[in-house]
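The following report describes a single protein model and is intended to be read beside the sequence and the coordinates. Please consult both as each section is reached.

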Amino acid sequence: MVSVAIGVLTGIPIEQIVHGAQHGTGGMRFVRIGDAPPADDKPAAAADSKQVVVDNFSFTPGTAAVPVGATVTWTNHDDIPHNVVSPEQKFKSPVLDTDETFSHTFEAAGTYRYYCSIHPRMTGQVMVR
Ligand SMILES: [Cu+2]
């Protein structure tokens, strides 16, 4: 994904940098460069998609509220494998290694709880309205 060294980015317009979420080699952090205004040029699909980050043995946000038809994408930012499993068997990801992602589209309203079956204390939910 983003494997360019920071120094190489110097000549790139800020907009491009802002769109690329950087994370360090250790704890994963989103680095925001400058006070760029909210991007109006984001694809319209962004409104119907939601990112959930898996980091430090937790899902963030723990509760993701999305409209019907939205796609939720989980990204594992941990150095440890995790997965995303619906106890009601609505969805189940493969084991996600570092930086791997899993997406699921929610076609019906409801509250969808999920957890990591490797670490069952890791739980989260998606509220679809
Ligand atoms: Cu886990």
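In sequence, the residues that donate to the copper ion follow the spacing H-x33-C-x2-H. The donor atoms are ND1 of H82, SG of C116 and ND1 of H119, at 1.9 to 2.2 Å from the copper ion. Donors are N, O and S atoms within 2.8 Å of the metal (3.2 Å for Na, K and Ca); water is not among the atoms, so sites may look incomplete. C116 is buried, with a relative accessible area of 0%. Here buried means under 20% relative accessible area, exposed over 50%, and partly exposed in between (1.4 Å probe, protein chains only).

This is a predicted model, in which local features need pLDDT of at least 70 and side-chain atom pairs count only at pLDDT 80 or more, while totals for chains, interfaces and linings use all residues. Residues are numbered from 1 along each chain as its sequence is written, and side-chain values use heavy atoms, with hydrogens and water left out.

**Strands and sheet**

An open sheet is formed by four strands in the order β2-β1-β4-β5, with mixed pairing. Strands are DSSP runs (E, at least two residues), numbered from the N terminus, and two of them pair if DSSP finds at least two bridges between them. Since β2 and β5 stand at the edges with a single partner strand each, one side of each is left without a neighbour in the sheet. Neighbouring strands of this sheet are turned by 20° against each other on average, direction ignored; the axes are lines fitted to C-alpha atoms, and angles run from 0 to 180 degrees between N-to-C directions. β1 and β4 pair in the parallel sense over six bridges, and S49 stands opposite T71 in β4.

**Backbone features in the loops**

The peptide bond from T60 to P61 is cis, with omega near -5°, and P61 is found in the loop between β2 (58-60) and β3 (63-66).

**Salt bridge**

How many salt bridges does a search of the whole structure find? The search finds one, a salt bridge being a side-chain nitrogen of Lys or Arg within 4 Å of a carboxyl oxygen of Asp or Glu. In this contact the side chains of R113 and E88 meet at 3.6 Å, N to O. R113 belongs to strand β6 (residues 110-115) and E88 to the loop between β4 (71-76) and β5 (101-105), so the pair ties together parts that are 25 residues apart in sequence. R113 is partly exposed at 49% relative accessibility, and E88 is partly exposed at 38%.

**Aromatic side chains**

Rings of Phe, Tyr and Trp (its six-membered ring) pair if their centres lie within 6.5 Å; planes under 30 degrees apart count as stacked, over 60 as edge-to-face and the rest as tilted. By this rule the count comes to seven aromatic pairs. One of them joins F59 and Y114, whose ring centres are 4.8 Å apart and whose planes stand at 80°, so the pair is edge-to-face. This pair links distant parts of the chain, with F59 in strand β2 and Y114 in strand β6, 55 residues apart. F59 is buried at 5% relative accessibility, and Y114 is buried at 1%. One aromatic cluster is formed by F59, W74, F91, F102, F106, Y112 and Y114.
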